[in-house]
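Open the structure in your viewer and keep the selection tool ready. This tour goes stop by stop.

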Amino acid sequence: MIDKSLVREIIAKRVAKEFKDGDVVNLGIGLPTEVANYIDKDVEVILQSENGFIGLGPTPKEGEENKDLVNAGGKFVTILNGGACFDSAMSFAIIRGGHVDATVLGALQVDEEGNLANWMIPGKMVPGMGGAMDLVVGAKKVIVAMEHTAKGAPKILKRCTLPLTAAKEVNLIVTEMGVIEVTPNGLVLKEIAPDTTVEEVKAATEAELTISPDLKVMEI
Amino acid sequence: MNKLKILNEIMEHIKDGQTIMFGGFLGVGTAEKIVDAIVEKGVKDLTIICNDTGFVDKGVGKLVVNKQVKKVITSHIGTNPETGRQMNAGEIEVELVPQGTLAERIRAYGAGLGGVLTPTGLGTVVAEGKQVIEIDGKNYLLEKPLKADVAILKGSKVDKKGNIWYSKTTRNFNPIMAMSADVVIVEAEELVEVGEIEPENVATPHIFVDYILKGGEV
């Protein structure tokens, strides 16, 4: 069993390879935020923050926080040279109008059809969807970045049982065990983590998995 | 026309049972002085429209904690455990709206539109009870406009006519709410003379603003 922080690092590093120079990307709270640490220096990715700006930069040094500048999680951040601020209608026109190339989100469950559940557990946790429903519907590419299982229980299911965030919008699932593409014919395992067998991935996945004929070892 | 008012004059416009929009995102860009004054006045049965319910001690969250809110229309309540507690206890009604849909519904009223057609929420609980309209072979949810009796904004710089400039991420819902309420009040962090904000830097034109409170930095 590899430790949690290494698992998160593996996932974040692999997701970071999905971006092309010039992509506009929105990263969700938590693990997806860590992806920013691993983007290749030669690839310029413009990070969008749904509370109203592009050009999201690193966390400021202590004492250099600006009270007017936070990310969508309310944490102090910085804005890079060339960044731009806007209101919520513009922010969501960017998201909903197809101007975001990729969004990276965590998931509670994801299924064979690319359905995603990540915003509530009835009776337990009802924080609200925030911008997640808009991002998943509006972004050109939806990448789920998550640990493969939750306390050993599969999260990649035949059919989500929790209330959906959006129907049939997920394109790619990246976990510490591999990279899975959502296709019209179901889920296809495209890459597998080093020292992991196909049988292990299948055992940790409830959904049907097709194994890509050119299955690669996950580059981390 | 003198829009500049003292806090007591501003508070005459805040009454029981009103629908009030509050700008801000997790309290950033929220008029804290006016929120505090509403807490002190103790008006009740409010319907509030806001991106999120802030924190127990920051932003509109203070109104929830003080049990002044009957209903909240918002995209997120997770940072204020009191909203969730009151919701589960049946003390507050919570209408959760996707953030982009919330922005567009508010904008729609201010822009004179009869509603918004969006694919966001299709196939989810958000679609329950709503009309689905097909346009050119694609399905959309019909989302209706949102208006309020009062909108309460926070401006980083406000001139004495009511033109508003917003610093960094304080802009968020403020400019769209400015268009969608009968009475629009802005709390000015810095009050400046007319002309000090360049016309092209004005994000909310003064014609939307009814009253200005000199708020100072909170």
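**Stop 1: Confidence**

Start with chain B. Its mean pLDDT is 97, and 100% of its residues reach 70 or more. Remember that this is a predicted model. For the complex, the predictor gives an ipTM of 0.97 and a pTM of 0.97.

**Stop 2: Where the chains meet**

Show both chains and select the contact between them. Interface size is often given as the accessible area lost when the parts come together. Here, the area buried between chain A and chain B is about 2,800 Å². Carbon and sulfur atoms give 64% of that area. Now highlight A:Lys67, A:Asp68 and A:Arg96. These three supply 20% of the area that chain A buries against chain B, more than any other three residues.

**Stop 3: Across the interface**

Stay on A:Lys67. Which residue of chain B does A:Lys67 form a salt bridge with? The partner is B:Glu189, and the closest N and O atoms are 2.9 Å apart. The rule finds one salt bridge across the interface of chain A and chain B. Between chain A and chain B, 16 residue pairs are in polar contact, both residues at pLDDT 80 or more.

**Stop 4: A threonine in a loop**

Move to A:Thr175. Look for it in the loop between strand 12 (172–174) and strand 13 (178–183) of chain A. Is A:Thr175 buried or exposed? It is buried, because its relative accessible area is 0%. A polar atom of the A:Thr175 side chain lies 2.9 Å from the backbone nitrogen of A:Met177. Now show what surrounds A:Thr175. Leaving aside neighbours within four places in sequence, its contacts are A:Ile11, A:Met146, A:Glu147, A:His148, A:Ile156 and A:Met218.

**Stop 5: A helix in chain B**

Finish on helix 2 (residues 32–41) of chain B. Its buried residues are B:Glu32, B:Ile34, B:Val35, B:Ala37 and B:Ile38. An α-helix has 3.6 residues a turn, so residues three or four places apart point the same way. Step past the end of the helix. B:Gly42 follows helix 2 of chain B, with a positive phi near 75°.

Key
Residues are numbered from 1 along each chain as its sequence is written. Chains are lettered from A and ligands numbered from 1 in the order in which they are written. Side-chain values use heavy atoms; hydrogens and water are left out. Buried area is the accessible area (1.4 Å probe) that two parts lose on being put together, summed over both. A salt bridge is a side-chain nitrogen of Lys or Arg within 4 Å of a carboxyl oxygen of Asp or Glu. A polar contact is a pair of N or O atoms within 3.5 Å; within protein, one must be able to donate a hydrogen and the other to accept it, and residues adjacent in sequence count only if both atoms are side-chain atoms. Helices (H or I, at least four residues) and strands (E, at least two) are DSSP runs, numbered from the N terminus. Buried means under 20% relative accessible area, exposed over 50%, partly exposed in between (1.4 Å probe, protein chains only). Contact means heavy atoms within 4.5 Å. pLDDT is the predictor's confidence in each residue, from 0 to 100.
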